[in-house]
Amino acid sequence: MEQNVFSMPRIGEAAPEFKAVTTQGEINFPSDYSGSWVILFSHPADFTPVCTSEFMTFASMEKQFNAANCKLVGLSVDGLYSHIAWLRTIKEKIEYKGMKNVEVTFPLIEDITMEIAGKYGMIQPGESNTKAVRAVFVIDPKGIIRTIIYYPLSLGRNFDELYRVIIALQTADEFSVATPADWRPGDEVIVPTAGSCGVAKERMESKAEDTKCYDWFFCTRKLDKDTILNKIVKK
Ligand code: BEZ
């Protein structure tokens, strides 16, 4: 277990495989999600306030993520019956920030042995030996980890940011661009840095209307919001 606790997958690596019991039945990860983007995220414990606010928010946005070909999978080290009871309580009793009657239909993994949490570096002993931190793994349709974000126990995640990450990663793949600080669809995107003196010169001398170079290594171009969303988001 000690070795598992400190295992930390990295961006660009294949997502560690596992079989798990969830609130939606058994899953084989990541093979069951082949062809989709997936956000695998952990939370510290059922029946806790920050986690409840997060689950209500994420469940309310699930359709939006699904439309961008992204599925959600949660995990905590609680057992299946605790998960079921907590999700029932959320649906039946909790009204929060205008959200009510919220049904969590994405799978929530039970991981009492912490085997899966260990594989994904979700147990961080400086924070807690018995609870997972708030980890987020964004995994692409080929099962490769593309983004990792960790938050401590006390800090609820920003789910608009997670949606932005999903759209930005797909935009980078589809249009062979990078996305600058605070990018949102419709903002200018970054074209790959010139790889030769010739291209650097061409870029600086170009009069192309949709491209702007701040210097030879830093050029942006327009990329229309609708062009992105028509490609990435199902209507
Ligand atoms: C919460 O979700 O509220 C929480 C869980 C574990 C530690 C602290 C807060």
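A residue counts as near a molecule when one of its heavy atoms lies within 4 Å of it. With that in mind, let's look at the ligand and its neighbours: Pro-44, Thr-48, Pro-49, Val-50, Cys-51, Arg-134 and Leu-153 surround the ligand. This is a predicted model, in which local features need pLDDT of at least 70, side-chain atom pairs count only at pLDDT 80 or more, and totals for chains, interfaces and linings use all residues. Residues are numbered from 1 along each chain as its sequence is written, and side-chain values use heavy atoms, leaving out hydrogens and water.

**The ligand's surroundings**
- The shell around the ligand has five nonpolar residues, one polar and one charged; here Ala, Val, Leu, Ile, Met, Phe, Trp, Tyr, Cys and Pro count as nonpolar, Asp, Glu, Lys and Arg as charged, and the others, Gly among them, as polar.
- Helix 2 (residues 49–60) gives the largest share of this shell, three residues.
- An oxygen atom of the ligand lies 2.7 Å from a backbone N or O atom of Val-50.
- For Pro-49, a backbone N or O atom is 3.2 Å from an oxygen atom of the ligand.

- Arg-134 belongs to strand 6 (residues 134–139); strands are DSSP runs of E with at least two residues, and helices are runs of H or I with at least four, numbered from the N terminus.
- Arg-134 counts as buried because its relative accessibility is 2%, where buried means under 20% relative accessible area (1.4 Å probe, protein chains only).
- An N or O atom in the side chain of Arg-134 is 3.1 Å from an oxygen atom of the ligand.

Terms used
Buried < 20%, exposed > 50% of the residue type's maximum accessible area, 1.4 Å probe, protein only. Polar contact = N/O pair within 3.5 Å; in protein donor to acceptor, adjacent residues only side chain to side chain.
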